[in-house]
Amino acid sequence: MEGIMPKISTEILFQDLKQIAPEFAPGQKIQALHEGLPDIDSQLSVGIDIELLNSEDLGAIAEEVRNTEAPTSINRHQSPIAWYLPYHLNRDWGIVISSSRLQEYAGQLWRRLIECGVLQDSDEHLGIALRLTQTSVIEHEIFHHKVENIVSRQELLANRILYKGDTALMFEKVEVQQAMLDSGCPGPIKYAKELEEALANAAGVNLSQLKRAAPELSEGELKTVVAVLHEMDSGLTGGYQHGSLFVGRRESVIALNVLAESYIRASFGSPSLGLRRDYLRPVGLPIEGIRKRIRFSADGSILGRTLGQLNKFAGQSAGVLTEEIIRQLITRVAEENRWSVQVDSELEFGKNFLYSVNKVRNKGKRSAIWRCVAKVLYNFPVARGHTVTGPKDRVLKNARGQSAWRLYVQEQTPQALRLHAWHGGTPNLVLLNVANHDRTIDFEL
Ligand SMILES: [Zn+2]
């Protein structure tokens with residue numbers, strides 16, 4: 001995974017980091033890690049012409065849009081208009097736009113803007129709708145690039161790679177609702193990924209960018225465009241519908257801080273490194289590099305390759321475990337062994353447990369974990385392990401009176417896993433983390 005980090009982006013990030021954090025010197029390890037990588041930018045920049053259509057094409061699209069029934073809304077989830085492929089995960093990183101979906105979306109915008117009296121039913125004005133749509137979509141995807149750059153900056157500070165297939169997926173379920181409320185931001189957003197999409201949509205409806213895309217429109221007409229774009233997003237789900245909450249600079253900066261801090265917590269576990277907020281903001285990040293990496297998938301060949309990559313990614317996600325899946329796995333283990341189970345009421349998850357389990361990629365090791373948990377939960381057959389002692393050699397206990405346990409997931413095998421948990425009382429078991437036998441952990445009291 002590390003082998004595909006682009007050199008060019010790192011150099012600029014280093015410069016950027018020196019400016020905002022002069023006291024910080026990136027560790028040699030991560031520097032070597034980034035610098036030893038191939039300079040993929042020179043191999044792959046293809047110089048896409050963003051001025052995509054000539055007047056003949058425009059006429060044909062206009063004809064098609066006029067003859068098609070207006071779609072009620074466009075579901076970006078089921079059939080996205082564009083994708084951002086992170087450079088941490090894809091050699092062919094960048095933005096891929098589906099030409100046909102872009103045209104469909106532009107047709108919808110064109111119709112609405114004709115209804116609002118901003119555009120006319122002409123090929124030329126369809127061209128304006130296409131430019132506006134394209135800008136909006138590209139700005140949305142560039143925002144995802146900026147977020148990846150924030151994570152890169154954290155990697156340089158932490159001196160290790162944080163953004164991998166599994167962590168990228170774990171980010172999606174990081175809770176942000178409380179942090180948003182604490183910061184005085186509007187509260188409907190639950191997870192980090194939803195917040196990222198909302199902020200990306202806010203970035204995609206940026207007045208000055210739209211003005212650059214359609215200089216022939218007046219200020220008032222552009223404001224109508226902004227309102228219509230938000231209206232088109234409002235029917236969506238998954239955070240996309242909340243872009244309009246973050247059009248104000250203040251809200252968007254606060255929300256971006258919340259997002260960056262949530263990703264840091266997810267990467268490092270708790271507590272966070274206590275980084276200064278300046279380190280988190282994507283100020284002065286290189287976006288010219290990404291402009292060279294925008295490509296259209298007109299004939300489906302790039303689309304096919306992209307979908308292949310997305311499928312590969314989805315395959316990895318099958319290996320990422322949530323609480324619900326883990327409960328099912330433990331229930332299944334117990335049922336196979338003919339124990340009666342009440343996993344829902346007897347089991348609780350500490351905040352780092354999912355993270356530690358998802359780092360274990362070996363299937364055999366993972367099933368050993370479920371067997372161990374099931375054994376402890378049902379006292380059958382007795383799982384091996386020992387209690388952990390604290391001050392004065394007393395068994396460490398928490399406020400609920402539960403004892404600290406170090407349980408043997410595996411024995412007599414290299415890198416044998418241990419499971420750390422609070423045991424006894426209600427709930428019967430609180431899972432804290434899994435770690436190699438030579439690691440000690442702090443029990444959270
Ligand atoms: Zn997005």
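The legends below describe close-up views of one predicted model.

Residue numbers start at 1 in each chain and follow the sequence as written. Because the model is predicted, local features need pLDDT of at least 70 and side-chain atom pairs count only at pLDDT 80 or more, while totals for chains, interfaces and linings use all residues.

**View 1. The protein chain as a whole has 18 helices and eight strands.** Helices (H or I, at least four residues) and strands (E, at least two) are DSSP runs, numbered from the N terminus. The chain has 445 residues, of which 35% count as buried. A residue is buried if 20 or more other C-beta atoms lie within 10 Å of its own, exposed if 12 or fewer, and partly exposed in between, with C-beta atoms placed from the backbone. Two residues are in contact if their C-beta atoms, placed from the backbone, lie within 7 Å. Among contacts between residues at least 6 apart in sequence, 67% join residues at least 24 apart.

**View 2. Five strands form an open sheet in the order 4-8-7-6-5.** The pairing in this sheet is mixed. Strand 4 (347–349) and strand 5 (385–387) are at the edges and have a single partner strand each, so one side of each has no neighbour in the sheet. From one strand to the next, the twist averages 30°. Two strands pair if DSSP finds at least two bridges between them. Helix 18 (residues 363–378) lies across strand 4, strand 6 (403–408), strand 7 and strand 8, and runs at about 30° to strand 7. For such angles, axes are lines fitted to C-alpha atoms, for helices over the stretch in contact, and the angles run from 0 to 180 degrees between N-to-C directions.

**View 3. Strand 7 pairs with strand 8 and with strand 6.** Strand 7 (residues 417–423) and strand 8 (residues 429–436) run antiparallel and are joined by seven bridges. Strand 6 and strand 7 are also antiparallel, over six bridges. Trp422 is the bridge partner of Ala404 and stands opposite Val430 in strand 8. Ala421 stands opposite Leu431. Six of the seven residues of strand 7 are buried.

**View 4. Strand 7 and strand 8 form a hairpin with five residues between them.** In the turn, Gly424 has a positive phi of about 100°. Pro427 is in the loop between the two strands, and the peptide bond from Thr426 to Pro427 is cis, with omega near -10°.

**View 5. Lys392 and Gln412 have positive phi values without being glycine.** Lys392, in the loop between strand 5 and strand 6, has a phi of about 55°. Lys392 counts as exposed, with 5 C-beta neighbours inside 10 Å. Gln412, in the loop between strand 6 and strand 7, has a phi near 50°. Gln412 is exposed, with 6 other C-beta atoms within 10 Å.

View 6. Helix 11 has 16 residues and reaches 23 Å from its first C-alpha to its last, close to the 22 Å expected at 1.5 Å a residue. The expected span is 1.5 Å times one less than the number of residues. Its buried residues are Val225, Val228, Leu229 and Asp233.

**View 7. Helix 9 (residues 192–204) is mostly covered.** Of its 13 residues, 12 are buried, including Leu195, Leu199 and Ala203. Ser252 lies in helix 12 (residues 249–268) and is partly exposed, with 18 other C-beta atoms within 10 Å. Ser252 and Ala203 are 49 residues apart in sequence and 9.2 Å apart in space, C-alpha to C-alpha. Not counting residues up to four places away in sequence, Ser252 touches Leu199, Ala202 and Phe246.

**View 8. The largest nonpolar core has 60 residues.** A nonpolar core is a set of buried Ala, Val, Leu, Ile, Met, Phe, Trp, Tyr and Cys residues joined through C-beta atoms within 7 Å. Ala129, Leu195, Leu199, Ala255 and Leu259 touch the most other members. Helix 6 (residues 123–158) gives the largest share of this core, 11 residues. Another core lies apart from it and has 32 residues, among them Ile330, Val373, Ala421 and Leu431.
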